[in-house]
Amino acid sequence: MRKKIALIGGGQIGQILAMLAAQRELGDIVIFDIPQLENPVKGKALDLTEMAPCGDYDAKVTGTSDYKDIAGADVVIVTAGLPRKPGMSREDLLAVNIKIISEVARNVKQQAPNAFCVIVTNPLDAMVYVFQKVSGFPKSKVVGMAGVLDTARWRAFIALELGVSVEDVAGTVLGGHGPTMVPLPRLTTVGGVPLTDLLDKPAIERIVDRTKEAGTEIVKLLGTGSAFFSPAWSAIIMAESYLKDKKRVVACAALCEGEYGVKGLFIGVPARIGAGGMEKIYEISLNDGEKAMLSKTADAVRQTVAECKVEATA
Ligand code: APR
């Protein structure tokens, strides 16, 4: 039997998620969105159904506004919420998206209690926290999509700077999904060559800064809304690793319970994703400077989470 993937939110990211999940034949796809005057998610689902002969995939794609249709989903990817507008910080979104994520969490708990849940809605570190608290799901089943995207941006900018293939740039970005995130130049390599041997300090700093502000750079260019292609593919990487038990080790917002000196917060850390969900957090021996930056990003996440004032239901 095919796996079932529920996409909660069928907007910009949701529609790309649906297309990628179908093309990669991850399973049957249900796109859920709130009832609207017209039926955009039903239209998108039908369009993807009609694209299947060209795209060479077999997947049932449906759109719905009834949570019952996500029953028994194996994977849930949440993009429901309001996106960031120009001049708006991720934190501005907090109040409105807390309400939405809480409602989503309650419904997912009821309809798909065993699902592996990937949260994408911003402000990410707080939304994944709220989802886990309200659903009461184990930490292995709830992750936030941020680190895969932040790392992709870091790798893309380095490849651009050096004129090399992105495939050969390896590295990771830790911490919160915002300006305090921590790209790690010391541990980044290009075809095995340390980045610090290839670029001088000012050049590296420039790329670090661009990575931290990459989401904002896109928001400004788009004019309305925020990035959608790269966030969608990043979430698919996490879902696919779970569904196929690939055991990829990727940066994701995982619940830390002492790892990296962080307790009770979701922050971006390297984690293994396989059939058990978020199976393991890997700890890196950081130097003092990196530790200080991680502590700063954890403080920023802690502050946002404190503003959430969410009561656990389980
Ligand atoms: N339940 C389900 N869906 C909802 C709800 C809700 N309570 N409230 C809003 N939505 C839907 C909207 O109707 C919309 O279709 O969520 C969808 C969000 O889609 P977009 O507005 O196009 O936003 P998108 O660009 O997809 O980003 C979604 O991901 O990266 C983050 O910052 C981004 O928080 C934003 C989220």
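Predicted model: local features only at pLDDT ≥ 70, side-chain atom pairs only at ≥ 80, totals over all residues.

Reply: Residues are numbered from 1 along each chain as its sequence is written, and side-chain values use heavy atoms, with hydrogens and water left out.

Me: Why are α5 and α7 called oblique to each other?

Reply: The axes of α5 (residues 147-162) and α7 (residues 201-212) cross at roughly 140° and come within 9 Å. Axes are lines fitted to C-alpha atoms, for helices over the stretch in contact, and angles run from 0 to 180 degrees between N-to-C directions. Under 35 degrees counts as roughly parallel, over 145 as roughly antiparallel, 65 to 115 as roughly perpendicular, and the rest as oblique. Therefore α5 and α7 are oblique.

Me: Which residues of α5 and α7 meet?

Reply: From α5 come D150, R153, W154, F157, I158, L160 and E161. From α7 come A203, I204, R206, I207, V208, R210 and T211. Contact means heavy atoms within 4.5 Å. These residues divide into 8 nonpolar, 1 polar and 5 charged. Nonpolar covers Ala, Val, Leu, Ile, Met, Phe, Trp, Tyr, Cys and Pro; charged covers Asp, Glu, Lys and Arg; the others, Gly among them, are polar.

Me: What makes α4 and α10 oblique to each other?

Reply: Helices α4 (residues 124-135) and α10 (residues 288-308) pack at an angle of about 50°, their axes 9 Å apart. By the angle classes, α4 and α10 are therefore oblique. The contact joins D125, A126, Y129 and V130 of α4 to V301, T304, V305 and C308 of α10. Its residues split into 6 nonpolar, 1 polar and 1 charged.

Me: How do you know that the span of α9 agrees with its 15 residues?

Reply: The expected span of a helix is 1.5 Å times one less than its number of residues. For α9 (residues 229-243) that gives 21 Å, and the end C-alpha atoms are 21 Å apart, so the two agree. Helix α9 is mostly covered, with 12 of its 15 residues buried. Among them are P231, I236, M238 and L243. After α9 comes D245, with a positive phi near 50°.

Note on methods: Helix = DSSP H or I, 4+ residues; strand = E, 2+ residues; numbered from the N terminus. Buried < 20%, exposed > 50% of the residue type's maximum accessible area, 1.4 Å probe, protein only.
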